[in-house]
Amino acid sequence: MFEIIKDFLRNYRAYDPAAKSLLEIALLYPGPRAVLFHRCAHWLYTARFYFLARFVAEVSRTLTGIEIHPGAKIGRRLVIDHGMGVVIGETAEVGDDCIIFHGVTLGGVKFDPVKRHPTVGNKVLIGTGAKILGPITLGDGCRIGANAVVFKDVAPGTVIVGPSSSVLEKK
């Protein structure tokens, strides 16, 4: 368990040249704290302690400005950079080694109790202010530009830019 946490913090340090130590990242960066809180809340949620899970998530949101529903599934080594205003919905799934910038929403477009939030593949970068909406899939290695609004599946390796979700390039 301790090694997993160190791996997670090392990933942040490798990503952010301004980070001076693992202790600084653990105590002063909102992203790792939000993910740690989420791990606890998600465990409670899967154990059907829904109220307690939501309480932990609410404490996390208050302390970090990052809102992750306890039902969301988060992969390993997620980097939430700056983080203020990030919202990740209940049925969202985020793969390993992803980077999410501030103001990003992984949101739903339905109110039915079904899969209604995005599935994000591995090594995906989602730029500042992007809105990823509905039960869509972002393929592995794709990049979503700042303020893009995405409501259709994105193929692996694709770059999406602009508010109209234009495809910039595909590998």
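**Exercise 1. Determine the length of helix α4 and identify which of its residues are buried and which are exposed.**

Solution. Step 1: Helix α4 comprises 15 residues, 50-64; helices are DSSP runs of H or I with at least four residues, strands are runs of E with at least two, and both are numbered from the N terminus. From its first C-alpha to its last, α4 reaches 21 Å, close to the 21 Å expected at 1.5 Å a residue, where the expected span is 1.5 Å times one less than the number of residues.

The model is predicted: local features need pLDDT of at least 70, side-chain atom pairs count only at pLDDT 80 or more, and totals for chains, interfaces and linings use all residues. Residues are numbered from 1 along each chain as its sequence is written, and side-chain values use heavy atoms, with hydrogens and water left out.

Step 2: Ala53, Val56, Ala57, Ser60 and Thr64 are the buried residues of α4; buried means under 20% relative accessible area, exposed over 50%, and partly exposed in between (1.4 Å probe, protein chains only). Seen down the axis of α4, these residues fall within an arc of 100°, so they line one face of the helix; the arc is that of the directions from the helix axis to the C-beta atoms.

Step 3: Phe51 and Thr62 are exposed on the other side of α4. The buried residues pack against α3 and β1 (67-68), contact being heavy atoms within 4.5 Å. After α4 comes Gly65, with a positive phi near 80°.

**Exercise 2. Explain why the buried residues of α1 are placed on the same side of that helix, and state what covers them.**

Solution. Step 1: Helix α1 spans residues 2-15, and its 14 residues reach 20 Å, close to the 20 Å expected. Step 2: Phe8, Leu9 and Tyr12 are its buried residues. They cover an arc of only 90° around the axis, which puts them on the same side of α1. Step 3: The elements covering them include α2 (22-28), α3 (30-46) and β3 (79-81).

**Exercise 3. Classify Thr105 as buried or exposed and list the residues that it touches.**

Solution. Step 1: Thr105 belongs to strand β7 (residues 105-107). Step 2: Its relative accessible area is 18%, so Thr105 is buried. Step 3: Leaving aside residues up to four places away in sequence, Thr105 touches Val87, Ala130, Lys131 and Ile132.

**Exercise 4. Classify the accessibility of Arg143.**

Solution. Step 1: Arg143 is located in strand β12 (residues 143-144). Step 2: Its relative accessibility is 36%, so Arg143 counts as partly exposed.
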